[in-house]
Amino acid sequence: MAGKASVEFEFPFCKVPIETFVKSNRTVQKNLDKDYTVVNNAMNTLIDREKANPDVEKTCNSLDKIITKLRGVKRKLQEAEAESDTQLEHFHKRIEHLWQLLPADQPATEQAPTSSASSTSCAVVVGSEERISATVHQTRIQRQLVDYLLRRGYSKTADTLTKRYNLQALVDIAVFHSAQPIIDSLLRKHSCTEALQWCKENQVRLKKNKSMLEFHLRLQEFISMIQKKEKFKALEYCQKYLSGQAATQLGILKSSLSALVLYSFHPPQYQFLFDHQRWEDLVEEFKKELLVVSQLGPNIPLHMLLQSGMLALNAPQAYESGEFNPNDPMCSQEFQQLAEDLPKANRKNSTLVCRVSGEVMDGDNPPLVLPNGRVYSTQSLKKLRDVDGTVCCPATNDRYHWSQLHKVYVM
Amino acid sequence: MAAVVAECETCFTEGVSKKQKHSVKRQIEIIDELIASFTATKASLREKKETVDEALHRLQAETKKGQDESTQLHKDCQAETANLSKVVDANFQTLSPYMEWEGDEKTLDTVVAHHLFQQGDLDIYNAFLEESGQAASQEFTDAFSEIFNCLESLHNKDTGPALTWCTEHQKTLTQLPHSENLTSVIFQLHKLHFLTLLQQGQRNNAVAYIKTHITPLCTQSKSVVYRSEIGSLSSCLLWSGRMETSPYRHLLTDDLWSTACTSFRLVACAALQVPKDSHLSVCVKAGYLLLPTLMKYLSIRHKFGTASGAELQMPDFGSEFQFRSTFVCPVIQQISTSNNPPMLLPCYHVISRSALQSLMRSNHRLKCPYCPTECLAEKCKQLHL
């Protein structure tokens, strides 16, 4: 199996802007249609009015009104044009970024050819990823960081980071920004109106995913009516919006209706319905649905990338005190904690790294063993060699002659 | 994937983008045409060129036509977008997790904070600390503060603080490879300061500088490189004040400054035992490298369960991820740890201690799995990699 590029996993990166684009086009067209209909109706009225006694001046005045309306439509269209251009430009930048993430050359060789799907090793050729430049790497990491910050709700940091590194085209900040007023209205104003509006706009997708968000929002509105003691209004509301789900949601409906009837007695077993926690739960549910509907996906990519990285780097030696390397993430307390449940990597081939130079010891720079069992690279030992042909071991200070050193063969 | 991205690009540029731009323009044109028509109708009505009824019906028909065209334009655009969407759906995937994320959120926030700090975005770091409700980790930031100070001055083309730091640490960083790299950095910094003096036309100061600081480095270090550099630097003296016209004007680029910054940062981080790149970026980079293999492994495991016998084999990562020696015993196919260290056989081949013990026969002799040499078990030494 040849290794594919990690670009394959950029589904949200490609899909979300398309979704946004389709939605905004749809909204613009809907409004435009409405405007056209208004003009049409105005024309109808005008025609009817002028049938009997056609008056040129009156007609011209009415036509002026319609012209003003049309000018307003034109202005709206021009705004929409600017927005559309930005969206197109952003998508173009995303495609550019995708190209940057693809290495110039295709992977040269294939290892471990396997055809049957149930076969074992998933060996892969690396090397294609490494040819990506450092700046592109940084951009990619910044993108994932902004996504993480937005999902966790750290929007200020996300905003500043986006501006600082010019990531506006590459991150989906707009999705989260559009959600903020809805979240605020749920939490602070205890109002479901904006959220229900959002549900209406996205009803096709929500229905496909069998979402209960709308029902929960309606239920919350019903409960609010109970609290405001609007008993009859609440009953009507319940009949209109909640009874449809009676089959599956009988339990909570029973409790709510009992709460309605018994409200003045403040029965303790129904107090949970009036808890602020319900609003917070609604917010969480809304956030989840938002992630699914917008195609951002419920999983946090940064989590998975870190898992993947920790799987790659999790060597058992990193946990040994003698093997501390400040550049190795797995030597840090934080990463060791995060990797608690992950298995330690198993490698196929040995890699020897010289403790002195940090260079890999290979055919060009072979490892030499000292009589005390310490191994260093040939180049480092040459640099450490004194004029008298002796070398002092960097670890133990034992002194040996160059002739006592020998090549060691590690496959 | 190159073909896929190319297809997306064509679909987008030739399809979506073109249609959208055309559609938007045309929509505005339609409205313009209607406005023009309505305005013209007023004139024609006043000039009695047509009756009110005729005019109004005509205008109504034009409006309807405009609306129909508008709807069609929209449909065409949505069709193109749907095509693009299909291409994306068919060829891209989302990441699926290896397992549920069990990591502590606070710990991850700390990791992110460290990353933001190391990037040098102090204000973003502080904003993040505030938003995530974390306290600043003083010991982490302190270790970096001296490096950042030096780097900031270097960005402002001032080599002072960096040179001070280097000379201070010259006494302590006597071991390889620090000492070598440190000398190289010091040389680069002196060279940059010398060039700055020359650009300002301070020839005498430049001469004094090269004598005091740069020539001694030449005698100290064993490297021949410095000697040849000094040759070209001395020649630069002839163009004091007008370096731009000299054949050495390539030395005036910012590249030298950025190289010096990078070299300094690497040496300083190594010396202070702090990571040169944020752990987050290293881990994510490694994560991306493993990603295709991991996703393939996960999809197989998902389809066929653990009975499939699929194993996650680590690919060979580049040297930037080699933090230490890893010896994989070819006999037991496992990484050596301090509990099971590598052992050197008299024939200079290496196997792990447990492999040695299992290969050992009752007479304490064993045969090397690589070459036909036999030896006594006691003759085998523990290797320190």
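A cavity here is a set of points, on a 1 Å grid over the protein atoms alone, where a 1.4 Å probe fits but cannot get out, and its lining residues have an atom within 4 Å of a point. This is a predicted model, in which local features need pLDDT of at least 70 and side-chain atom pairs count only at pLDDT 80 or more, while totals for chains, interfaces and linings use all residues. Residues are numbered from 1 along each chain as its sequence is written, chains are lettered from A in the order in which they are written, and side-chain values use heavy atoms, with hydrogens and water left out.

By this rule there are five cavities of 30 Å³ or more. The largest cavity holds about 80 Å³ of space, a volume being the space filled by probe spheres set on the points. On the chain A side, its lining has Leu313(A), Ala315(A), Asp328(A) and Arg347(A). Chain B supplies Phe321(B), Gln322(B), Phe323(B), Arg324(B) and Thr326(B).

Now the interface. Contact, meaning heavy atoms within 4.5 Å, links 150 residues of chain A with 144 residues of chain B. The buried area is about 13800 Å², and carbon and sulfur atoms give 67% of it. That is the accessible area (1.4 Å probe) that two parts lose on being put together, summed over both.

Next, charges. A salt bridge is a side-chain nitrogen of Lys or Arg within 4 Å of a carboxyl oxygen of Asp or Glu. Over all chains the count is 39, and between chain A and chain B it is nine. In one salt bridge, Asp109(B) pairs with Arg152(A), with the closest N and O atoms 3.4 Å apart. In another, Arg164(A) and Asp123(B) have their closest N and O atoms 2.4 Å apart.

Terms used. 1 Å grid on protein atoms, 1.4 Å probe; cavity = no way out; pocket = protein on both sides within 12 Å on 5 of 7 lines; lining within 4 Å.
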